[in-house]
Amino acid sequence: MTILDQTAAARPQARHIPDRLDSPLKAGLFSWEMLLVVVAVAIFVANALATPYFLNAWALSDLTFNFVEKGLIALAMALLIISGEIDLSVAAIIALASTMMGLALQWGVGTPGLVLIGLATGLLCGAFNGALVTRLGLPSIVVTIGTMSLFRGIAFIVLGDQAFRGYPESFAFFGQGYVWWVISFELVLFVVMAALFWFLLHRTSFGRTVYVIGNNPVAAAFSGVRVERVKFILFCLTGVMAGLASVLLTSRLGSTRPSIAMGFELEVITMVVLGGVAILGGSGSITGVVLAAIIMGLVTFGLGLLNVPGIVMSIFIGLLLITVIALPIVWRRVREGQAE
Amino acid sequence: MIRSLARQREIWLAAAIALLIGFVAIRFPAFARPANLMSVFNDYSILIILALGQMVVILTRSIDLSMAANLAFTGMVVAMTNAAFPTIPIPLLIVMAMAIGATLGAFNGVLVWKLGIPPIVVTLGTLTVFRGMTFVVSGGAWVNADRMSAAFISLQRGWFLGLPVLSWFAIAAIIAFYLMMTRTPFGRALYATGVNPTASVYAGIDVGRTKFLAFCISGMVSGLAGYLWVSRYVIASTEVANGYELQIIAACVIGGVSIAGGIGTVGGAVLGALFLGVIGAALPVINVSPFWQLAISGSAIILAVILNARGEKRGGRIILKKAEAT
């Protein structure tokens with residue numbers, strides 16, 4: 001490698017602007033989302049061939065529970081990462097929100113109140129993260145490593161080695177209820193939320209500003225975008241979605257332990273990155289994230305049917321994450337090598 | 001100027017630790033006895049060693065989330081080797097642990113160096129892969145005391161010149177890292193890479209290779225910690241040090257290592273780890289439930305980041321304006 005090559009590598013890449021855009025059909029066929037669809041179909045077929053229990057309406061319905069809660073957070077996390085920030089505290093927010101709901105339960109709060117408290121706790125936690133990042137100008141990765149310990153720490157202080165149980169029957173609907181036949185409430189909620197987030201990111205001016213901030217926050221500020229405020233809103237949004245996931249998870253499990261949702265943050269971020277969102281911000285799509293959520297659900301559920309332990313599945317998830325990101329880079333290298 | 005700021009920070013942190021010890025000692029004088037402080041140092045020796053490795057990586061604007069998983073895997077392999085071949089001398093096992101750890105670290109490093117994948121993504125992936133591998137090699141089984149050889153367990157428990165051997169491991173690591181950071185071109189390259197990668201390239205530093213080597217070092221250190229951990233707690237399992245990667249990063253952040261790269265010292269990282277150590281040791285003494293520890297270290301991280309941000313607001317470009325003015 002010559003010095004010039006190295007400097008080119010160290011410098012942020014200048015954006016390549018083609019003379020003519022590819023036709024929408026070609027762009028669609030060779031997009032990241034298309035690759036994800038192919039991967040998803042391949043895993044689906046592999047699952048169906050590997051085990052006879054897979055192609056069954058109830059099995060497929062159970063499958064959705066694997067990714068819906070994490071997927072809901074991934075939707076908001078995608079926006080946050082596109083804007084150039086990250087939130088590692090989402091799993092801890094789930095734990096804290098669940099603990100607060102448990103506390104409220106002890107005071108005799110009913111189901112609507114419990115849901116409200118779960119969402120409000122998420123919002124407050126998100127706002128706390130957002131305020132630290134935007135008001136004090138701190139790096140979000142460290143701030144949220146800190147709040148991750150803080151939020152889960154509070155859950156541990158309240159609960160210790162105890163657990164809250166005895167959530168009301170009506171509360172169980174959110175995580176265990178079915179809207180129609182095999183279609184669960186969680187799945188319907190996920191579809192609705194995915195549509196809302198798709199609209200927000202791809203069809204509103206707010207969504208545009210998220211991309212602009214991720215690509216160049218300084219230029220965004222000079223263009224009149226209120227960078228700090230948008231980021232603050234995104235942190236709040238991520239917090240609320242974590243609160244929502246907490247309501248679903250608590251309702252599904254029927255109990256609260258301080259160790260609830262341990263390690264979820266890594267899976268959520270894996271979903272987002274697998275979905276084609278650039279970890280450094282600036283690009284990504286909701287379609288990709290939804291597809292990635294489905295892929296992760298398929299992988300874990302399929303391996304589960306084959307009696308593969310959860311910890312071994314995590315090898316697949318980890319390798320999937322690295323491979324899916326490395327492959328296009330290697331492919332591009334090889335193609336550039338041929339062109340020269 | 002950066003250096004004096006860092007030194008100032010170390011003094012403040014040392015003062016905070018002394019204050020903390022003094023505060024606890026008012027009610028429980030035994031806490032400040034040298035023997036007790038020595039045992040706190042010994043208890044947190046492994047964290048100190050790990051924090052030094054993490055610091056090197058963070059200096060180059062990277063992060064290694066896979067250290068704890070690397071530790072678990074290496075610890076498991078070393079323990080299983082010891083159980084199968086008890087005659088292999090322990091020093092050889094330690095070298096083996098460091099080699100395995102460095103290999104895993106090199107895997108991270110190659111992905112960062114050759115493919116340019118962001119370190120946080122790479123190590124997020126390998127974190128789960130390494131821990132999964134631990135399960136696969138062990139079949140989910142534990143290796144416990146009765147399967148480890150006596151020498152394997154007792155080596156770090158021995159005493160040498162008035163200190164446990166485990167503490168000497170930490171002291172040796174501190175000296176080695178101090179010499180590397182302040183007395184070698186590689187140490188300068190680590191700082192330069194973090195402060196300004198583009199300028200570093202013009203200065204003839206291979207930025208990618210420097211990052212690669214940093215990951216090798218953090219891996220090697222994790223491997224060493226793997227042996228120390230397994231022989232200290234006399235158990236090797238898949239769950240060993242689960243979630244510990246955050247403690248390691250916390251020690252660095254509290255010690256003033258900037259997550260943006262280029263700022264951080266050996267002294268800072270060590271003090272950061274000791275700060276967590278003193279808190280951890282003080283809680284049971286002042287009769288606070290250990291369940292408070294997590295929330296307190298979380299608050300300490302947030303507070304440290306706020307203080308770091310104050311210290312780092314330095315104008316790297318002001319030099320030019322000054323030059324114009326004169």
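Here's a quick briefing on salt bridges, surface patches and a few backbone details in this structure. Keep in mind that this is a predicted model. Over all chains, the count comes to 5 salt bridges.

**Helix α13 of chain A**

- Helix α13 of chain A runs over residues 227-253, which makes 27 residues.
- From first C-alpha to last, α13(A) reaches 39 Å, close to the 39 Å expected at 1.5 Å a residue.
- Since 19 of its 27 residues are buried, α13(A) is largely enclosed by the rest of the structure.

- Some background first: side chains of opposite charge can pair when their charged atoms come close.
- A:R252 and A:E69 meet through their side chains in a salt bridge, at 2.8 Å from N to O. A:R252 sits in helix α13 of chain A and A:E69 in helix α5 (residues 68-82) of chain A, so this pair ties together parts that are 183 residues apart in sequence.
- A:R252 also meets A:E186 in a salt bridge, here at 3.9 Å from N to O. With A:E186 in helix α10 of chain A and A:R252 in α13, the pair ties together parts 66 residues apart in sequence.
- Put together, A:E69, A:E186 and A:R252 are linked in a network of salt bridges.
- A:E69 counts as buried at 2%, and A:E186 is buried at 0%.
- A:K231 pairs with A:E85, and the closest N and O atoms of that salt bridge are 2.8 Å apart. This pair links distant parts of the chain, 146 residues apart: A:K231 is in helix α13 of chain A, while A:E85 is in the loop between α5 and α6 (90-106) of chain A.
- Both A:K231 and A:E85 are buried.

**Surface patches**

- A nonpolar surface patch of about 920 Å² is made by chain A residues, among them A:W58, A:F173, A:W180, A:W181 and A:L196.
- Strand β1 (178-180) and helix α10 (185-203) of chain A each supply at least two residues of that nonpolar patch.
- A:V188 is one of the residues in the nonpolar patch. A:V188 is found in helix α10 of chain A and is partly exposed, with a relative accessible area of 30%.
- There's a positive surface patch too, formed by A:R332, A:R333, A:R335 and B:K114. Helix α16 (residues 310-339) of chain A gives the largest share of the positive patch, 3 residues.
- A:R335 has its place in helix α16 of chain A, and at 47% relative accessibility A:R335 counts as partly exposed.

- A:A261 isn't a glycine, but has a positive phi of about 60°. Look for A:A261 in the loop between α13 and α14 (264-274) of chain A, where A:A261 counts as buried at 7% relative accessibility.
- In chain B, B:A241 has a positive phi of about 55° although it is not a glycine. B:A241 lies in the loop between β4 (235-236) and α12 (244-254) of chain B, and counts as buried at 7% relative accessibility.

**A buried glutamine in chain B**

- B:Q54 is found in helix α3 (residues 45-59) of chain B and is buried, with a relative accessible area of 0%.
- B:Q54 and B:M67 are 8.1 Å apart in space, C-alpha to C-alpha, and 13 residues apart in sequence.

Notes. Residues numbered from 1 in each chain as written. Chains lettered and ligands numbered in written order. Predicted model: local features only at pLDDT ≥ 70, side-chain atom pairs only at ≥ 80, totals over all residues. Heavy atoms only, no water. Patch = residues over 30% accessible without salt bridge, like charges linked within 9 Å, V, L, I, M, F, W, Y side chains within 5 Å. Areas by Shrake-Rupley, 256 points an atom, 1.4 Å probe, with all protein chains shown as cover. Salt bridge = Lys/Arg side-chain N within 4 Å of Asp/Glu carboxyl O. Lys, Arg positive; Asp, Glu negative; His and termini not counted. Charge placed at Lys NZ, Arg CZ, Asp CG, Glu CD. Helix = DSSP H or I, 4+ residues; strand = E, 2+ residues; numbered from the N terminus. Buried < 20%, exposed > 50% of the residue type's maximum accessible area, 1.4 Å probe, protein only. Expected span 1.5 Å × (residues − 1).
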